[in-house]
Amino acid sequence: MHSVPSIKLNSGYGLPLIGLGTFGGNDAPDQVYHASKHALEYGYKHFDTAYMYQTEQVLGKAIRESNIDRKELFITTKLWRNFNEPHHVRPMFNRSLQNLGMDYVDLYLIHWPISFDFHGYEPENLDKGDCVSLKQVPHIDTWREMERLVKDGVARSIGVSNFTIPMLEKLLSECEIPPAVNQVELHPCLPQQDLLDYCKSKNIALTAYSPLGSPGFRRDTIKTVDEQLIKDIGLKYDKTPVQVLINWGVNRGYSVIPKSVTASRIQDNLIYFKMDEQDIQAITELGLKTPLRTCDPMVLWKDKVDVFGTS
């Protein structure tokens with residue numbers, strides 16, 4: 001049994017600090033199905049998916065086959081950016097719920113703070129067309145529909161993803177139910193200390209996607225697992241570089257959702273250990289001077305809007 005800690009969200013629910021991410025490529029559904037079965041066997045309680053990933057169905061299937069009580073698990077899914085207009089929120093949420101085969105989710109997130117034209121609900125219609133047809137949908141309009149999901153008892157918590165501090169400030173000034181989580185890219189090359197401090201001050205939990213720096217996702221990505229500092233700290237604690245990176249995030253106080261389809265790595269990723277403060281800070285300083293973001297719409301999708309102010 002792994003003693004992975006949890007944090008209490010502002011919604012009152014507990015969030016396990018290590019989970020399994022289920023984003024992938026063309027083979028993702030089959031790979032995620034088997035990965036989820038391994039993760040459930042090893043004791044994972046936190047699973048992150050999204051309608052856009054097309055892995056909701058296989059995750060739900062793996063969970064049902066495990067015979068683990070649904071109440072023991074924390075399931076997150078997300079609203080893709082083609083569906084941010086208020087009248088699309090509930091239909092899309094219901095599709096995700098149907099895919100998962102569940103009657104509620106633990107956390108539902110606005111996937112991106114930008115909105116694209118609607119081309120249909122089917123997966124093949126996501127980002128269809130020129131992929132730069134932006135719509136002006138105020139975040140609060142989408143959020144009001146998210147709040148209704150909580151009031152109806154079908155989403156226990158709601159949150160956002162890829163939101164900046166100014167975006168959170170505006171949403172907090174207008175919302176009735178504050179976001180419980182902001183899921184963002186977080187790794188030693190992008191420590192986001194200002195965002196971490198801000199969210200802690202507002203009682204908004206962070207979840208880190210790409211906690212290993214997405215090695216191989218982009219050619220210019222720094223492979224943090226190869227940093228000598230990470231290797232040295234691993235030797236100190238008798239842990240692998242990957243375990244160091246995962247626990248650096250957990251020790252900073254947020255949840256991490258590394259993805260893997262390899263059984264042995266899935267098992268190893270669930271190992272939690274405490275780190276000395278000087279080691280946490282040393283790793284943080286790796287990315288403070290020259291931060292590198294691997295998931296930027298300006299680079300990946302040639303979006304017209306600079307979400308993170310990096311242009």
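Mentor: A residue is called buried when its relative accessible area is under 20%, exposed when it is over 50%, and partly exposed in between (1.4 Å probe, protein chains only). Strands (E, at least two residues) and helices (H or I, at least four) are DSSP runs, numbered from the N terminus. The model is predicted: local features need pLDDT of at least 70, side-chain atom pairs count only at pLDDT 80 or more, and totals for chains, interfaces and linings use all residues. Residues are numbered from 1 along each chain as its sequence is written, and side-chain values use heavy atoms, with hydrogens and water left out.

Let us take strand β5 (residues 74-79). Six of its six residues are buried, so β5 is largely enclosed by the rest of the structure.

Consider next its partners, where two strands pair if DSSP finds at least two bridges between them. Strand β4 (residues 46-48) runs parallel to β5 and is joined to it by three bridges; here phenylalanine 47 stands opposite isoleucine 75. Strand β6 (residues 105-110) is also parallel to β5, through four bridges. In that pairing lysine 78 stands opposite leucine 109, and leucine 79 stands opposite isoleucine 110.

The chain crosses from β5 through helix α3 (residues 86-100) to β6 in a right-handed β-α-β crossover. Right-handed means that, with the strands pointing away from the viewer, the path from the first strand over the helix to the second runs clockwise. A right-handed β-α-β unit is likewise made by β4, helix α2 (residues 56-66) and β5.

These strands belong to an open sheet of eight, in the order β3-β4-β5-β6-β9-β10-β11-β12, with parallel pairing. At the edges stand β3 (20-21) and β12 (255-256), each with a single partner strand, so one side of each has no neighbour in the sheet.

The side chain of aspartate 106 reaches the backbone nitrogen of isoleucine 75 at 2.8 Å. This is a polar contact, a pair of N or O atoms within 3.5 Å; within protein, one must be able to donate a hydrogen and the other to accept it, and residues adjacent in sequence count only if both atoms are side-chain atoms. Leaving aside residues up to four places away in sequence, aspartate 106 touches Arg70, Leu73, Phe74, Ile75, Arg156 and Ser157, where contact means heavy atoms within 4.5 Å.
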